[in-house]
Amino acid sequence: MKDMIIVDAHAHLWKKQDAVVEGKKILSLENGKSMFMGEVRQMMPAYMTDGFNSAERFLANMDYARVSAAVITQEYIDGQQNGYLSEVKERFPDRLFCCGMVEMRRDSGFLQEAQNLCAQGFKAIKIPAQRLRIPSHTWMLTSAESMEMFKFMERNGMILSIDLAPGTTQVAEMEEIIAECPDLKIAVGHFGMVTVDGWEEQIKLARHKNVMIESGGITWLFNAEFYPFTGAVKAIRRAADLVGMDHLMWGSDYPRTMVAVTYRMSYDFVLKSDFLTEQEKSMFLGQNAEKFYGFRNLTVPPYIKNMVE
């Protein structure tokens with residue numbers, strides 16, 4: 001592979017997975033497994049025996065796969081990791097951009113959380129918005145306090161990282177947020193839940209100047225097809241035709257997707273595709289995220305020869 005700046009726009013870290021979603025427990029077990037909403041699931045590769053999804057382990061994977069930098073996002077299913085990520089962003093500021101997370105599965109209090117996170121030096125806030133719509137309740141992204149929070153983030157130059165419910169469910173809410181906060185930088189995750197009808201409407205949000213789409217979890221969404229994920233590349237091509245390649249970013253969804261593929265495999269299917277030009281690959285895999293998240297002076301980790309070579 002020729003030297004290329006690669007930036008992972010969607011990865012996860014956690015000290016310990018300990019959460020409740022829709023009243024069901026999620027808790028780290030041994031050997032990469034978790035109790036997940038009533039059943040045992042392989043949440044991480046089996047070699048992560050202690051349940052600690054650490055920055056050091058991730059950086060080792062990044063170095064091996066020659067990934068220059070990454071954005072650490074969050075999800076309610078992992079539990080709030082603001083404390084651990086506050087440490088991580090201080091220790092590895094040049095390579096790991098960390099998002100704080102507010103608890104929006106309630107009617108109030110998250111504006112103050114956002115203000116506290118800003119004061120702690122977080123430059124982005126993650127909202128797993130797909131978790132705000134459950135059978136028993138809906139929390140609107142456009143509530144009065146929500147809009148206050150987004151305007152606060154806009155004024156303070158914070159980035160909104162957000163995963164949306166599948167399809168068009170929350171697209172109208174996002175359009176309202178974008179209209180009210182035209183200078184708020186937004187990254188929409190999971191490539192618009194690309195395998196679900198209505199995904200293109202999420203992608204079209206990136207027709208607005210400050211909105212980006214990142215592909216975290218795309219190998220999970222196309223897991224039935226599996227490597228080399230031709231359908232995923234065709235979806236990237238389609239999205240580029242809709243909004244321009246300069247609004248798209250690669251993301252791995254590490255470590256969950258690593259139960260099926262290696263970290264390197266989570267992006268090299270893009271490198272090996274004939275559907276994208278070399279310039280488009282460079283933009284998608286690194287240049288766009290490098291610019292959007294403000295990384296500076298990135299370098300490509302050196303190539304280390306494998307024992308099998």
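In β13, I162 has V188 as its bridge partner, and L160 is partnered by I186 in β13. Those contacts belong to a parallel pairing of β12 with strand β13 (residues 185-188) that runs over four bridges; two strands pair here if DSSP finds at least two bridges between them. Strands (E, at least two residues) and helices (H or I, at least four) are DSSP runs, numbered from the N terminus. Keep in mind that this is a predicted model, where local features need pLDDT of at least 70, side-chain atom pairs count only at pLDDT 80 or more, and totals for chains, interfaces and linings use all residues. Residues are numbered from 1 along each chain as its sequence is written, and side-chain values use heavy atoms, with hydrogens and water left out.

Now for the other neighbour of β12. Strand β9 (residues 124-128) runs parallel to β12, and five bridges join them. Within that pairing, S161 in β12 is the bridge partner of K126, and I127 stands opposite I162 in β12. On to β8, which pairs with β9 in the parallel sense over two bridges; there, M101 stands opposite K126 in β9. The chain gets from β8 to β9 through α3, in a right-handed β-α-β crossover. Right-handed means that, with the strands pointing away from the viewer, the path from the first strand over the helix to the second runs clockwise. Another right-handed β-α-β unit is made by β12, helix α5 (residues 171-180) and β13.

Put together, the order β8-β9-β12-β13-β14-β15 describes an open sheet of six strands with parallel pairing. At its edges stand β8 (100-101) and β15 (248-249), each with a single partner strand, so one side of each has no neighbour in the sheet.

Buried means under 20% relative accessible area, exposed over 50%, and partly exposed in between (1.4 Å probe, protein chains only). Both faces of β12 are covered, with I159, S161 and D163 buried on one side and L160 and I162 on the other. Strand β9 is also largely enclosed by the rest of the structure, because five of its five residues are buried. From β9, A124, K126 and P128 point one way and I125 and I127 the other way, and all are buried.

Over in the loop between β8 and α3 (110-119) you'll find R105, which is partly exposed with a relative accessible area of 23%. The C-alpha atoms of R105 and H137 are separated by 9.2 Å, and these residues are 32 apart along the chain.

Next, the rings. A search of the whole structure turns up 13 aromatic pairs. Rings of Phe, Tyr and Trp (its six-membered ring) pair if their centres lie within 6.5 Å; planes under 30 degrees apart count as stacked, over 60 as edge-to-face and the rest as tilted. Take F52 and Y84: their ring centres are 5.6 Å apart and their planes are at 65°, so the pair is edge-to-face. It links distant parts of the chain, with F52 in the loop between β5 (39-42) and α1 (55-65) and Y84 in helix α2 (residues 82-91), 32 residues apart. F52 is partly exposed, with a relative accessible area of 26%, whereas Y84 counts as buried at 6% relative accessibility. There's also an aromatic cluster formed by F58, W250, Y254, Y263 and Y267.

Two lysines lie over ring faces. A charge sits over a ring if NZ of Lys or CZ of Arg is within 6 Å of the ring centre and within 35 degrees of the ring normal.

| Lysine | Ring | Distance from ring centre |
|---|---|---|
| K89 | F122 | 5.1 Å |
| K185 | F292 | 4.6 Å |

Finally, the largest pocket has a volume of about 620 Å³. A pocket is found on a 1 Å grid over the protein atoms alone, as an open set of points where a 1.4 Å probe fits, with protein on both sides within 12 Å along at least five of seven lines; lining residues have an atom within 4 Å of a point. Grid points are joined across faces, edges and corners, and the volume is the space filled by probe spheres set on the points. The lining of the largest pocket counts 26 residues, of which R41, I77, W220, D253 and R256 lie nearest its centre. The elements giving two or more residues to that lining are β1 (7-12), β5 and α7 (218-221).
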